[in-house]
Amino acid sequence: MIARAMEALEKYFGYREFRGGQELVIRSLLGGEDTLAIMPTGAGKSVTYQIPALLLGGITIVISPLISLMKDQVDSLLQIGVPATFINSSLSPRETRSRIQKLQEGVFKLVYLAPERLEAEEFAEMLPVLRFRFVAIDE
């Protein structure tokens, strides 16, 4: 499975090798292990959950309190052909409902959520029916 991860790294992100620590985290996630990875800013944390999200079935939920980070991550993923979205307070209720509907239809591989979104009634009701594979918390 790590060979597929390396292929995805090159295909989507343009790198031929993982940075320090990335491969260990990816191996752990692909092996179905609960994983805690603490890495400095700029060390490539996002790739450690984005690659498994691409290789595994279902949706990866990424919890992030930073609206600008969500937008930047989703924009970058969309540019390389990865179906991703975010749901946070910057969206209108109509757009939020539209994105939740698309989540239920399996359109997205990654969805970035603000922590408070997990407490929203409409999202809490939908969470059990989503086919999500794992949850990443990206500060």
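Let me start with a term: buried means under 20% relative accessible area, exposed means over 50%, and partly exposed is in between, with a 1.4 Å probe and protein chains only. Arg27 is partly exposed, then, with a relative accessible area of 46%.

A word on the source. This is a predicted model, where local features need pLDDT of at least 70, side-chain atom pairs count only at pLDDT 80 or more, and totals for chains, interfaces and linings use all residues. Residues are numbered from 1 along each chain as its sequence is written, and side-chain values use heavy atoms, without hydrogens and water.

Back to Arg27. Which residue forms a salt bridge with Arg27? Glu23 does, and the closest N and O atoms are 2.8 Å apart. A salt bridge here is a side-chain nitrogen of Lys or Arg within 4 Å of a carboxyl oxygen of Asp or Glu. Glu23 and Arg27 are 4 residues apart in helix α2, so about one helical turn separates them. Helices are DSSP runs (H or I, at least four residues), strands are too (E, at least two), and both are numbered from the N terminus. Glu23 is partly exposed, at 28% relative accessibility.

The structure holds 4 salt bridges. Another one joins Asp75 to Lys71, with the closest N and O atoms 2.8 Å apart. Those residues are 4 apart in helix α4, again about one helical turn. Next, Glu95 pairs with Arg99, at 2.7 Å between the closest N and O atoms. Both lie in helix α5, residues 93-104. Is Arg99 buried or exposed? Arg99 counts as buried, at 15% relative accessibility. Glu95 is partly exposed, at 31%.

Now the pockets. A pocket is an open set of points on a 1 Å grid over the protein atoms alone, where a 1.4 Å probe fits, with protein on both sides within 12 Å along at least five of seven lines; lining residues have an atom within 4 Å of a point. The largest pocket is lined by 23 residues. Leu29, Thr35, Val135, Ala136 and Ile137 lie nearest its centre. Two or more lining residues come from each of α2 (22-30), α3 (45-55) and β4 (132-137). Which element gives the most? That is β4, with 5 residues.

Val135 sits in strand β4. Val135 counts as partly exposed, at 45% relative accessibility.

Last, the second largest pocket. It has 16 lining residues, and Phe13, Tyr15, Gly44, Val47 and Gln50 are the closest to its centre. At least two lining residues come from each of α1 (2-13), α3 and α4 (67-79).
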